[in-house]
Amino acid sequence: PSDTKLPKYLSKVGSEKTLFNIFNVDSSLDYIFIFEGPIDSCFVKNGVGVAGIQENSDALFTNRQRQQLALYPLHKRIWVLDSQHQDQAAMIKTETLIEQGENVFIWPEEYGKRFKDFNDMAIDLGKSEIPYKFILKNSYTGLKARLMLNNA
């Protein structure tokens, strides 16, 4: 019915969220790219999806997701959320991640105003994969991340 709000991500009832695509992580690449959405994570090598973020929560992962990430203790994590130019929740969560010392992808204006997320970008550009170096080039921590986000 139109008055029923459906969940954005479906999972097994009563189960804890897991990381989508975690078992496709290539150990030869030193990075794991953490996306909000599972579909976005499919377009980048070593992309994993957390199946949604809560902008008002400081909790980054479920216990099960922490266990899964522990399989790759030497990999550097980079958060890749939806465009901060278009999504207020992504902007708020990016600020929270920066405060927590996380490495975050800041959408360059030319892409961030044009695309909501990696799924939109890949479809519009006709790509089945977005090079992970695009993320590395636009990822920051600490004061540099705050400055880049304020200029986004």
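Among contacts in the protein chain between residues at least 6 apart in sequence, what percentage join residues at least 24 apart? Then turn to helix α3 (residues 88-99): which of its residues are buried, and what covers them?

Analyst: The model is predicted: local features need pLDDT of at least 70 and side-chain atom pairs count only at pLDDT 80 or more, while totals for chains, interfaces and linings use all residues. Residues are numbered from 1 along each chain as its sequence is written, and side-chain values use heavy atoms, with hydrogens and water left out.

To the first point: 66% of those contacts join residues at least 24 apart, a contact being heavy atoms within 4.5 Å. The protein chain has seven helices and five strands, which run along the sequence as β-α-β-α-β-α-β-α-α-α-β-α. Helices (H or I, at least four residues) and strands (E, at least two) are DSSP runs numbered from the N terminus. Of the 152 residues in the protein chain, 45% are buried; buried means under 20% relative accessible area, exposed over 50%, and partly exposed in between, with a 1.4 Å probe and protein chains only.

Now the helix. Its 12 residues, 88-99, reach 17 Å from the first C-alpha of α3 to the last, close to the 16 Å expected at 1.5 Å a residue. The expected span is 1.5 Å times one less than the number of residues. At the N-terminal end, D87 caps α3, with a side-chain oxygen 2.9 Å from the backbone nitrogen of A89. Just after α3, G101 takes a positive phi of about 85 degrees.

The buried residues of α3 are A90, M91, K93, T94, T96, L97 and I98. An α-helix has 3.6 residues a turn, so residues three or four places apart point the same way. The cover over the buried residues of α3 includes β3 (76-80), β4 (104-105) and α7 (142-151).

Helix α3 also contributes to the largest nonpolar core, which has 22 residues. Such a core is a set of buried Ala, Val, Leu, Ile, Met, Phe, Trp, Tyr and Cys residues joined through side-chain atoms within 4.5 Å. The residues with the most contacts inside this core are I22, I32, I34, V48, F61, W79 and V104. Two or more residues come from each of β1 (31-35), α3 and α7, and α3 gives the largest share, four residues. Leaving aside neighbours within four places in sequence, I22 is in contact with V48, Q68, L69 and Y72.

Apart from this core lies another, of 16 residues, among them F33, V44, I130 and F134. I130 lies in the loop between α5 (118-125) and α6 (132-137), and is buried, with a relative accessible area of 5%. Beyond neighbours within four places in sequence, the contacts of I130 are F43, V44, F118, M121 and A122.

F118 and F134 are both buried. Their ring centres lie 6.2 Å apart and their planes meet at 55 degrees, so the pair is tilted. Rings of Phe, Tyr and Trp (its six-membered ring) pair if their centres lie within 6.5 Å; planes under 30 degrees apart count as stacked, over 60 as edge-to-face and the rest as tilted.

Definitions and conventions:
A polar contact is a pair of N or O atoms within 3.5 Å; within protein, one must be able to donate a hydrogen and the other to accept it, and residues adjacent in sequence count only if both atoms are side-chain atoms.
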